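The following briefing concerns a single protein chain. Please inspect the sequence and the structure before reading the notes.

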Amino acid sequence: MREVLDDLFGWWDAGESVGVGTVVATWKSAPRPAGASMLVGPDGTAVGSVSGGCVEGAVYERAQDAIDTGSPGLERYGVSDDDAFAVGLTCGGILDVWVERVDRESFPEFGDVVASVRDGAPVAVVTCVASTAAPTGDDRVGGRLVVWPDRFAGSLGSSRLDEAVADDVRGLLAAGRTTTVHYGHDGERRGDDLTLFVSSFAPRPRMIVFGAIDFAAALARIGSFLGYRVTVCDARPVFATAKRFPDADEVVVEWPHRYLRAEADAGRVDERAVLCVLTHDPKFDVPVLEVALRIPTAYVGAMGSRRTHEDRLQRLREAGLTAEESARLASPIGLDLGARTPEETAVSIAAEIVAGRWGGSGARLSSLNDAIHRDTDFLHRDESELSVAP
């Protein structure tokens, strides 16, 4: 949704109705993740993608129908055994796509959602996309709740349900997770009557690069490309300048360990953050690693030769780090790509970060027989376990 947010807001703000298709669940080799969205504007313009081209035509028609009728629905698209070129995913994947009409009447809180996203404030949109065993006259499908860390707006049809969902979704929002969850009709957490899609708009995850060197400039470039908010930190003002790191969101002149400790204490480093130590100097990298390896983050990597790595581990042991804490360190940093240049090394580091995020092995896909997309989220289950009723 973030990719098409500005287009959707433009039409919404003008009082127009827009058809919106959003991926809410995927199985097998689905080409786009949950949260990917496609718009059909009032003039028939298509914006965005839900499958990279496989089922866009079918979603386009369904979205036009949603504009005309106002009727939302959950559609499943998968490969056709009889005709792989029929409407379906020739890659063998399965998508559940929620299709709805969005306008000022159906989504009055949308302006507040956009304002929060633009301000970098966390906000989540919860939509009821399926309901089973609904009491007569109590159809919750299409209900919506907007959740902020300190409040919520809208309703899913029950105050108890709203309170339970808001509490739980704040945890997903803090982790930046877009996924589906299940509840009973009155907010029972062990119920599965309702399927709710949670679209989290968390601030960009952070990449903090310590060491103002040429490798850091290349890493800042690729980190920004991957969607991170990139900070370059170095204690040497002659090297830590915005001119040398134009792709970084900020360049900080400070001792790395002091900066990281202050950011962590202020709550500005979360479990999605990646920390890359490129300082190559024990007086910089050992103190910052003492801090980095003791706070919850997604990744901590440090540049250096194997000899440097062994020396660094010894210094960390002397500083009191446990074997478990030191084991979090990715060093020497990056995957074995044979990289030589700063740009190639940045690709190597980024590849290791991506592999760690999604459970990849770093091996060549052509040498593997496993599924290309790993099921790392609790919502990516076998199709037989799906409790959604399209």
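At 47% relative accessibility, His 280 counts as partly exposed, a class lying between buried (under 20% relative accessible area) and exposed (over 50%), computed with a 1.4 Å probe on protein chains only. The model is predicted, so local features require pLDDT of at least 70 and side-chain atom pairs count only at pLDDT 80 or more, while totals for chains, interfaces and linings use all residues. Residues are numbered from 1 along each chain as its sequence is written, and side-chain values use heavy atoms, with hydrogens and water left out.

**Backbone features**

- His 280 has a positive phi of about 65° although it is not a glycine.
- The position of His 280 is in the loop between β14 (274-277) and α7; helices (H or I, at least four residues) and strands (E, at least two) are DSSP runs numbered from the N terminus.
- Ser 331 and Pro 332 are joined by a cis peptide bond, with omega of about -5°.
- Pro 332 belongs to the loop between β16 (329-330) and α10 (342-358).

**The chain as a whole**

- The protein chain contains 10 helices and 16 strands.
- Of its 390 residues, 47% count as buried.
- Among contacts (heavy atoms within 4.5 Å) in the protein chain with a separation of 6 or more, 58% are between residues 24 or more positions apart.
- The protein chain exposes about 18,500 Å², of which carbon and sulfur atoms supply 49%; accessible areas come from the Shrake-Rupley method with a 1.4 Å probe, and for residues only the protein chains shown count as cover.

**Packing of α1 and α3**

- Helix α1 (residues 5-13) packs with helix α3 (residues 110-119) at an angle of about 145°, and their axes are 11 Å apart; axes are lines fitted to C-alpha atoms, for helices over the stretch in contact, and angles run from 0 to 180 degrees between N-to-C directions.
- The contact involves Leu 5, Asp 6, Leu 8, Phe 9 and Trp 12 of α1, together with Phe 110, Gly 111, Val 114, Val 117 and Arg 118 of α3.
- By class, this contact of α1 with α3 has 7 nonpolar, 1 polar and 2 charged residues; Ala, Val, Leu, Ile, Met, Phe, Trp, Tyr, Cys and Pro count as nonpolar, Asp, Glu, Lys and Arg as charged, and the others, Gly among them, as polar.

**Buried positions**

- Arg 62 is in helix α2 (residues 56-69) and counts as buried at 14% relative accessibility.
- Leaving aside neighbours within four places in sequence, Arg 62 contacts Ser 71, Pro 72, Gly 73, Glu 75, Tyr 77 and Val 99.
- A polar atom of the Arg 62 side chain lies 3.4 Å from the backbone oxygen of Pro 72.
- Thr 127, in strand β6 (residues 123-131), is buried with a relative accessible area of 4%.
- Not counting residues up to four places away in sequence, Thr 127 touches Trp 98, Gly 143, Arg 144, Thr 195, Leu 196 and Phe 197.
- Val 147, in strand β7 (residues 144-148), counts as buried at 0% relative accessibility.
- The C-alpha atoms of Val 147 and Val 125, 22 residues apart along the chain, are separated by 6.4 Å.

**An exposed loop position**

- Ala 298 is in the loop between α7 (282-292) and β15 (299-302) and is exposed, with a relative accessible area of 52%.
- The C-alpha atoms of Ala 298 and Arg 272, 26 residues apart along the chain, are separated by 5.0 Å.
- Apart from neighbours within four places in sequence, Ala 298 is in contact with Glu 271, Arg 272, Ala 273 and Val 274.

How values were computed
A polar contact is a pair of N or O atoms within 3.5 Å; within protein, one must be able to donate a hydrogen and the other to accept it, and residues adjacent in sequence count only if both atoms are side-chain atoms.
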